[in-house]
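Biologist: Can you walk me through this one? Start with how you name the pieces, then we'll get to the holes.
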Amino acid sequence: MSASQTLGGPSRCGRVLGPSLDKIIKNAAWRKHSHLVSSCKSVLDKLETLPDAALPDPSSPLLGLSSSDADFVLNPILLALDSNYAKVADPALECVFKLFSAGVVRGEIDGKNSDSIMYKIVDSVCKVGGMGEESVELAVLRALLSAVRCPCVLIRGDCLLQVVRTLYNIYLGGLNGTNQICAKSVLAQIMLIIFARADEDSMDVSITTVSVSELLEFTDKNLNEGNSIYFCQNFVSEVMSASEGVPDLKLSQPVPVSQNGESKDEGEEIGLEKMKDEVELCPGGISSKIREDGFIVFKNLCKLSMKFSSQENPDDQVLLRGKTLSLELLKLQCSIFMSLLTKYRSGLKAEIGIFFPMLILRVLENVLQPSFLQKMTILNMLEKIAGDSQIIIDIFVNYDCDVDSPNIFERIVNGLLKTALGPPPGSTTTLSAVQDITFRHESVKCLVGIIKSMGAWMDQQLKIGDSDLPSGSESETSAESHLTPSAEDGVVPDYELHLELNSELSDSATLEQRRAYKIELQKGVQLFNKKPSKGIEFLIKTKKVGNSPEEVASFLKKNTAGLNETMIGDYLGEREEFALRVMHAYVDSFNFKSIDFGEAIRFFLSGFRLPGEAQKIDRIMEKFAERYCKCNPNSFTSADTAYVLAYS
């Protein structure tokens, strides 16, 4: 028996391709699709006479075939997907599903290799979802889930993000409620697959099937069309189970590749030094391609959840649904987030700063009407965080002591205190007495855990201080080495894993100064949001802002955390001399050269909201028109013309 027959190559490939090609020929419009029909017939003839490959071709995307033969036999599938004709696209999508679920496809599919036949097929599958056919939408969902689920294939990078975007689009604009629920379910299932693999850093992991009814517990109940939940659950379960019996798993998995591009020997292990090299190559300390993809998807979910409506369409319901879905998908990943927080927080500072306030703190701070299940999930997660002294210190240093970041540690402690105290007397709550007691007990456990962790960290510093190390800053660096997860836990010891906890920031006096500076700055911001002129006066007096109009304008323009955009606009429209000079400096800081007038106005107004008073609007728009004409002297006959247009 030949090698390819042992691997189940051509015979398995033929069994998948043959029936699909027959259907494409049968459904094709002969005149319109003559080239497609001809290509299908050529491949059917080829499959009958195709010789077995003596050895597997590592560059081929199909088992048992050479790279050139694989390109040839897959070409009619690509042509059918690109035909924009549902009757031939349907069997092509069914074929793609079977290729992945049967384990015939193997290797990596990445946007960096956009000339590969499998990348082109996945790309075409994503595009065909917009054809406007209900059956095609479902077939696209099935094909994409099977592609990500397949243990023999690693879809990564831009290609993976394109898959996620396609599913988002079907969820937001699907042709019926059932298809939208299916898209949401497939997205959730793909998130579980990606992050389960990232957590284990392996393709060979046990993956649970998502519960569709739980996905609709809080949102999208209106999409349910009778038996939609039952249909979608079966839809996802069938695709997930289709890949469970894929043979030749070990042989089909992507071969690890070294930095010089050579394939690694099957028995070769990646040593500690090798892992360190890989860490440096990947963003944020991610040590492998699998984990890098989890990192990229997590960042993009955070970005999607932070999109804001435009001023022209503030009640954009499609955008709102997209943001809600992003947040729901992120909620599914609390356990995975804990893993990312523990091992890879050095590359996720911005994302953690989004995730904590929008998901964890929002649930924690809801004392009166929380979901019991949601809040218990968050409290259990915070208990794990509280048990890691290094994470606690890192959160405080990198957020609470950073003027551009939210006070995560402070809000965690305050949220736990409020929960431990329970609902205020006389308030209305949805909690039962048992649920309230449970929340109080869990919150106190978290607070005790935080105190113990901080005590343990201080004890560690004192021990190191007694060991005759030259300076306090070096002591804290050594403390990191004791508190850094070990290589036995699957993490490479690396000081860079701690966000910014270097010797300079670790110095207690420096941290106290940073924290005090931030507290005073926030006090000024709060004053500004109540009465802008008083806030500016306080900030100048405490030397948080310079006393020149240009420095105050720069402070307002850089969108300092917490500044109310409405109050910025109100201040810029004031007629007092200093405020007027600040407004002039603010407008003069923009360069509108060669920018369309309408685009320039939108850009100008992106940092504040126009006040409601007509005189204030008049002053701001008059200065804007003057600045625009100065940057574009030939755009208007006079600044007055630009002013009239801008004001209107």
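Modeller: Helices and strands are DSSP runs, numbered from the N terminus; a helix has at least four residues and a strand at least two. Keep in mind that this is a predicted model.

Biologist: Fine. How many cavities of 30 Å³ or more are there in the whole structure?
Modeller: The search finds seven.

Biologist: What volume does the largest cavity have?
Modeller: About 90 Å³.

Biologist: Which elements each supply at least two residues of its lining?
Modeller: Strand 2 (153–156), helix 9 (177–200) and helix 14 (289–305).

Biologist: Which of them gives the most to that lining?
Modeller: Strand 2, with three residues.

Biologist: And which residues line the largest cavity?
Modeller: Val148, Val153, Leu154, Ile155, Leu160, Ile194, Arg197, Ile290 and Asp293. By class, seven are nonpolar and two are charged, with no polar residue.

Biologist: New topic. At what angle do helix 30 and helix 31 pack?
Modeller: About 130 degrees, with the axes 8 Å apart. Helix 30 covers residues 614–631, and helix 31 covers 639–647. That angle makes helix 30 oblique to helix 31, because only angles over 145 degrees count as roughly antiparallel.

Biologist: Is their crossing left-handed or right-handed?
Modeller: Right-handed.

Biologist: Which residues make the contact?
Modeller: Helix 30 uses Ala614, Ile617, Asp618, Met621, Glu622, Phe624, Ala625, Glu626 and Cys629. Helix 31 brings Ala639, Ala642, Tyr643, Ala646 and Tyr647.

Biologist: How do the residues of that contact divide by class?
Modeller: There are 11 nonpolar and three charged residues, and no polar ones.

Key: Residues numbered from 1 in each chain as written. Predicted model: local features only at pLDDT ≥ 70, side-chain atom pairs only at ≥ 80, totals over all residues. Heavy atoms only, no water. Axes fitted to C-alpha atoms, helices over the stretch in contact; angles between N-to-C directions. Parallel < 35°, antiparallel > 145°, perpendicular 65-115°, else oblique. Left-handed = near helix turned anticlockwise from the far one by under 90°. Contact = heavy atoms within 4.5 Å. Nonpolar A, V, L, I, M, F, W, Y, C, P; charged D, E, K, R; others polar. 1 Å grid on protein atoms, 1.4 Å probe; cavity = no way out; pocket = protein on both sides within 12 Å on 5 of 7 lines; lining within 4 Å. Points joined across faces, edges and corners; volume = space filled by probe spheres on them.
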